2 protein chains.
Amino acid sequence: MPEMTISQVARQAGLRPSTLRYYEEIGLLPTARRRSGQRRYDSSILQRLAVIHTARQAGFTLNEIAILVNDIIPNPSPSPQWRDLLERKLIELSTLLSHVQSMRSLLEDVMRCDDPELADCIYQTGRKHGIVGTD
Amino acid sequence: MPEMTISQVARQAGLRPSTLRYYEEIGLLPTARRRSGQRRYDSSILQRLAVIHTARQAGFTLNEIAILVNDIIPNPSPSPQWRDLLERKLIELSTLLSHVQSMRSLLEDVMRCDDPELADCIYQTGRKHGIVGTD
DNA sequence: GTACACGTTAAAGTTCACTTGAAGTCAACG
DNA sequence: CGTTGACTTCAAGTGAACTTTAACGTGTAC
């Protein structure tokens, strides 16, 4: 089995070793086993870090991710309390989705201004999206 | 014309007055005109705040938003430098989009576990998304 | 055996996006 | 005229997510 050191994992995940230690410290990652004091990981950590990364990008806080991966997923607790949390988070995600989409259309509009009427086009785009005033 | 005070704007935008002062301070909002020392806004500010809000949600930093609304949109500068920035930001947005979508599908999968086999279902979902190990 | 790369912890520092607190200004009300 | 309430500025504080620093340990290479 490929035992990886902290910096190997960090390099592959695009993180710093300090970040991995920090994640472990706050309970987002399980305590890694030690080989003479040093952390050793196997490759499954990478998938887990990918999930954390995705969740981060999707606007979850580290705390929320810790709740998700430590409490909600592995616990067979029938408590409907986390259902509310997930429900709220799903709603948040869909508003986030629409915000990302409208932001993309704004940027695409601005990008499309490659004609000679650059200034005008940008100005129109700005007005369309409510960035410049309608003075 | 409806001249609004800072707290009226704040209430309507779902922000605190301190946030508006802060936005003005860092140049994200133009210096508001003063009526005997106090800021006065007209309703166009709300649209602008909405754009800022959308951009925030879409993962832009306040600094990036300031560049977008102050430099890129209103300037007829043909400098292709901001084109690169926008290009990068568009790419970021599409990866963000896919992250949001996969996060949503993860949460939806977890939510769907409302049968008697709750523990198993959650566990399967966790494995499917690489949250629990394949030990 | 000692130099060196890489690891460790604990504590303090950094950045971002605000918020809070102190001290003061201003207009309207009684 | 005084007090109330909403505003002002400026400085310091906050929380999240890390990073940096200092002092120390460990295994390999020469």
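This is a predicted model: local features need pLDDT of at least 70, side-chain atom pairs count only at pLDDT 80 or more; totals for chains, interfaces and linings use all residues.
**Chain A**

- Chain A has six helices and two strands, where helices (H or I, at least four residues) and strands (E, at least two) are DSSP runs numbered from the N terminus.
- Along the sequence, the elements of chain A follow the pattern α-α-β-β-α-α-α-α.
- Of the 135 residues in chain A, 25% are buried; a residue is buried if 20 or more other C-beta atoms lie within 10 Å of its own, exposed if 12 or fewer, and partly exposed in between, with C-beta atoms placed from the backbone.

- Near DNA strand C, two or more residues each come from α1 (6-13), α2 and β2 (38-40) of chain A and from α2 and α4 (62-72) of chain B.
- The element that gives the most to the surface near DNA strand C is α2(B), with three residues.
- This surface near DNA strand C has four nonpolar, 10 polar and three charged residues; Ala, Val, Leu, Ile, Met, Phe, Trp, Tyr, Cys and Pro count as nonpolar, Asp, Glu, Lys and Arg as charged, and the others, Gly among them, as polar.
- Around DNA strand D there are 17 residues, of which Ser36(A), Thr61(A), Thr5(B), Ser7(B) and Arg39(B) come nearest.
- With three residues, α2(A) gives the most to the surface near DNA strand D.
- The surface near DNA strand D divides into four nonpolar, 10 polar and three charged residues.

- Ser36(A) lies in the loop between β1 (33-35) and β2 of chain A, and Ser36(A) is exposed because it has 5 other C-beta atoms within 10 Å.
- Ser36(B) lies in the loop between β1 (33-35) and β2 of chain B, and with 5 C-beta neighbours inside 10 Å Ser36(B) also counts as exposed.
- Most residues other than glycine have a negative phi.
- Phi of Ser36(A) is, however, positive, near 45°, and phi of Ser36(B) is likewise positive, near 45°.

**Helix packing and the nonpolar core**

- Helix α3 (residues 44-57) of chain A packs against helix α5 (residues 81-111) of chain B at an angle of about 110°, with the axes 8 Å apart; axes are lines fitted to C-alpha atoms, for helices over the stretch in contact, and angles run from 0 to 180 degrees between N-to-C directions.
- The two helices, α3(A) and α5(B), are therefore roughly perpendicular, a term for angles of 65 to 115 degrees, whereas those under 35 count as roughly parallel, those over 145 as roughly antiparallel and the rest as oblique.
- In this packing, Thr54(A), Ala55(A) and Gln57(A) meet Leu96(B), His99(B), Ser102(B) and Met103(B); residues are in contact if their C-beta atoms, placed from the backbone, lie within 7 Å.
- The largest nonpolar core has 46 residues, and Ala55(A) and Ala55(B) have the most contacts inside it; such a core is a set of buried Ala, Val, Leu, Ile, Met, Phe, Trp, Tyr and Cys residues joined through C-beta atoms within 7 Å.
- Apart from neighbours within four places in sequence, Ala55(B) is in contact with Met103(A), Phe60(B), Ile65(B) and Leu68(B).

Terms used:
Residues are numbered from 1 along each chain as its sequence is written. Chains are lettered from A and ligands numbered from 1 in the order in which they are written. A residue is near a molecule or strand if its C-beta atom, placed from the backbone, lies within 6 Å of it. Two residues are in contact if their C-beta atoms, placed from the backbone, lie within 7 Å.
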